[in-house]
Amino acid sequence: MASRVKPEVNGSSTSGEEKKTTPLRIWHCSHARTASNVLAKQFRDHPQLTSVAYTFMSAFMDGPESLAGEMMNKEAPTEDAKDATYQNGFNHMTESIIKAEKDNKTVFIKEHLFFMLDPKLAATLYPPPPGESQTPCPKVVDPTITTTTTTTNTNGAISKTNPSILPDTFMRTLSPIIQIRHPAISIPSLYRARLGAGGNINIHHPSFLTNCTYAWSRAAFDWYCEHVFPDRKSQHQQTNARQRGSEGEIPARAAAVLVDAAGVERGD
């Protein structure tokens with residue numbers, strides 16, 4: 001199974017000491033109605049993989065920080081959903097990763113990007129209608145980070161450049177598989193699925209439109225190309241950068257992969 005090299009901490013290393021390797025962290029960056037479950041099913045029973053799926057779904061749909069809006073006919077969170085926060089979802093994800101890597105397995109994380117999309121980014125394309133306020137971004141911290149060395153902006157807040165609500169330090173450790181499907185197929189399928197779940201759907205509301213675009217998938221692809229796998233660098237520069245690391249991060253080693261649902265359905 002492919003592995004990645006843990007970087008030196010604070011740029012130092014012990015002479016003659018072998019670099020430790022850990023399995024890759026694969027992020028199946030899926031999108032609604034792209035046959036992503038068909039692809040995930042092919043990996044589910046692999047003996048060297050641990051599958052983790054939709055740890056943010058409850059937070060997105062039902063939790064107190066829900067980003068679903070009118071798409072899900074959102075009502076006030078029930079008592080059972082009070083604990084469905086993004087932080088708890090992230091805690092579950094990182095706990096699963098730690099357990100998988102302890103067993104020397106590759107973790108296969110399936111998560112729709114829009115379940116954890118930064119609402120400020122969504123508003124750049126689909127701003128809230130008149131009279132509605134901007135949805136605040138849930139506050140999420142990486143429970144596995146124990147160092148105090150962190151990149152901050154001028155306001156003292158942790159800098160984040162990736163399109164999700166999760167920290168850059170965590171997103172850099174993932175190797176993404178970004179799945180898409182022709183929108184002429186995926187959007188009508190999404191509409192039918194939402195109607196089947198009950199209630200009326202406002203197809204003009206940003207909460208629905210946000211899920212009908214691959215702009216976020218493209219944003220994730222571009223972010224990984226620019227910040228994790230810069231294709232304009234030479235292979236030598238890329239190798240050095242990955243071995244060196246920064247801020248205690250564990251950079252992934254496999255490039256971003258784009259998958260078309262048509263190929264998955266054909267079995268390519």
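1. Buried means under 20% relative accessible area, exposed means over 50%, and partly exposed lies in between (1.4 Å probe, protein chains only). Helices (H or I, at least four residues) and strands (E, at least two) are DSSP runs, numbered from the N terminus. With these terms in hand, one can say of strand β5 that 7 of its 7 residues are buried, so β5 is largely enclosed by the rest of the structure.

2. A word on the basis of this note: the model is predicted, local features need pLDDT of at least 70, side-chain atom pairs count only at pLDDT 80 or more, and totals for chains, interfaces and linings use all residues. Residues are numbered from 1 along each chain as its sequence is written, and side-chain values use heavy atoms, with hydrogens and water left out.

3. In a regular strand the side chains alternate between the two faces of the sheet.

4. Two strands pair if DSSP finds at least two bridges between them. Strands β3 and β5 run parallel and are joined by 6 bridges, with S30 standing opposite H112 of β5. Strand β4 (residues 49–53) also runs parallel to β5, and 5 bridges join these two strands; here L49 has T106 in β5 as its bridge partner.

5. A nonpolar core is a set of buried Ala, Val, Leu, Ile, Met, Phe, Trp, Tyr and Cys residues joined through side-chain atoms within 4.5 Å. The largest such core has 40 residues, and W27, L166, M171 and Y224 are those that touch the most other members. The elements that give two or more residues to this core are β3 (25–30), α2 (57–61), α3 (86–102), β5 (106–112), α5 (168–171), β6 (174–180) and α8 (215–227). Helix α3 gives the most to this core, with 5 residues. Apart from this core lies another, of 6 residues, among them I26, L39, A40 and F108.

6. Which residues does Y224 touch, not counting residues up to four places away in sequence? Contact means heavy atoms within 4.5 Å, and by that rule Y224 touches W27, M171, L174, P176, F229 and A256. Y224 lies in helix α8 and, at 1% relative accessibility, counts as buried. Although Y224 and M171 are 53 residues apart along the chain, their C-alpha atoms are separated by 8.9 Å.

7. Rings of Phe, Tyr and Trp (its six-membered ring) pair if their centres lie within 6.5 Å; planes under 30 degrees apart count as stacked, over 60 as edge-to-face and the rest as tilted. The structure holds 11 aromatic pairs. One of them is the tilted pair of W27 and Y224, at 6.4 Å centre to centre and 50° between the planes. This pair links distant parts of the chain, with W27 in strand β3 and Y224 in helix α8, 197 residues apart. The rings of Y224 and F229 have their planes at 20° and their centres 6.1 Å apart, so this pair is stacked. W27, W223, Y224 and F229 form one aromatic cluster.

8. A disulfide is a pair of cysteine sulfur atoms within 2.5 Å, and by this rule the count comes to 0 disulfides. As for individual cysteines, C29 counts as buried at 0% relative accessibility, whereas C137 counts as partly exposed at 24%.
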